[in-house]
Amino acid sequence: METGPNGRVRRGSVMLRPHPSLLRELVERCETLRRHAAFTGSERTRCQLEDASYTLCVVTGTRQLDQALYVARRHLADAMRRKPPLRL
């Protein structure tokens, strides 16, 4: 029995995880837009934040930005533990 990102038990389904680079990009984008929206309050920034938040929620299987950020960071930490980054 597997548990999904929200802690619910999944039976007979395959749980897909987004690539860490996608998660990292979405987390950074949401955090940047969140700060920018708090500072400027522009309509354009708010719309961009809504779009980025929606995308992050979809790929993490969550419904709220704070929860999506938590799940994404947990997945990123798990990915770092599984295989170390490439060294050039």
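Cys57 is buried, with a relative accessible area of 9% (buried means under 20% relative accessible area, exposed over 50% and partly exposed in between, with a 1.4 Å probe and protein chains only). The place of Cys57 is in helix α2, where helices (H or I, at least four residues) and strands (E, at least two) are DSSP runs numbered from the N terminus. The model is predicted, so local features need pLDDT of at least 70 and side-chain atom pairs count only at pLDDT 80 or more, while totals for chains, interfaces and linings use all residues. Residues are numbered from 1 along each chain as its sequence is written, and side-chain values use heavy atoms, with hydrogens and water left out.

**Surroundings of Cys57**
- Leaving aside neighbours within four places in sequence, Cys57 is in contact with Thr62, Arg63, Gln64, Leu65 and Ala68 (contact means heavy atoms within 4.5 Å).
- Cys57 and Val71 are separated by 14 residues in sequence and by 9.3 Å in space, C-alpha to C-alpha.

**Overall architecture**
- The protein has three helices and two strands, in the order β-β-α-α-α along the sequence.
- Of the 88 residues in the protein, 30% are buried.
- Among contacts with a separation of 6 or more, 45% join residues 24 or more positions apart.
- The protein exposes about 6800 Å², and carbon and sulfur atoms supply 54% of that area (accessible areas come from the Shrake-Rupley method with a 1.4 Å probe; for residues, only the protein chains shown count as cover).

**Packing of α2 with α3**
- Helix α3 (residues 65-82) packs with α2 at an angle of about 55°, their axes being 9 Å apart (axes are lines fitted to C-alpha atoms, for helices over the stretch in contact, and angles run from 0 to 180 degrees between N-to-C directions).
- α2 is therefore oblique to α3 (angles under 35 degrees count as roughly parallel, over 145 as roughly antiparallel, 65 to 115 as roughly perpendicular and the rest as oblique).
- The contact is formed by Leu49, Ser53, Leu56, Cys57 and Thr60 of α2 with Leu65, Ala68, Leu69, Val71 and Ala72 of α3.
- By class, the residues of this α2 and α3 contact are eight nonpolar, two polar and no charged (Ala, Val, Leu, Ile, Met, Phe, Trp, Tyr, Cys and Pro count as nonpolar, Asp, Glu, Lys and Arg as charged, and the others, Gly among them, as polar).

**Packing of α1 with α2**
- The axes of helix α1 (residues 20-40) and helix α2 (residues 43-60) come within 9 Å and cross at roughly 150°; the two helices are therefore roughly antiparallel to each other.
- Residues making the contact include Leu22, Leu26 and Cys30 of α1, and Ala52, Leu56 and Val59 of α2.
- The residues of the α1 and α2 contact comprise 11 nonpolar, seven polar and two charged.

**Leu26 in α1**
- Leu26 lies in helix α1 and is buried, with a relative accessible area of 9%.
- Not counting residues up to four places away in sequence, Leu26 touches Ala52, Thr55, Leu56 and Val59.
- Leu26 and Val59 are 33 residues apart in sequence, with 9.7 Å between their C-alpha atoms.

**Packing of α1 with α3**
- α1 and α3 pack at an angle of about 140°, with their axes 10 Å apart.
- Residues of α1 in this contact include Pro20, Leu23 and Arg34, and those of α3 include Asp66, Arg73 and Ala79.
- The contact of α1 with α3 has nine nonpolar, one polar and five charged residues.
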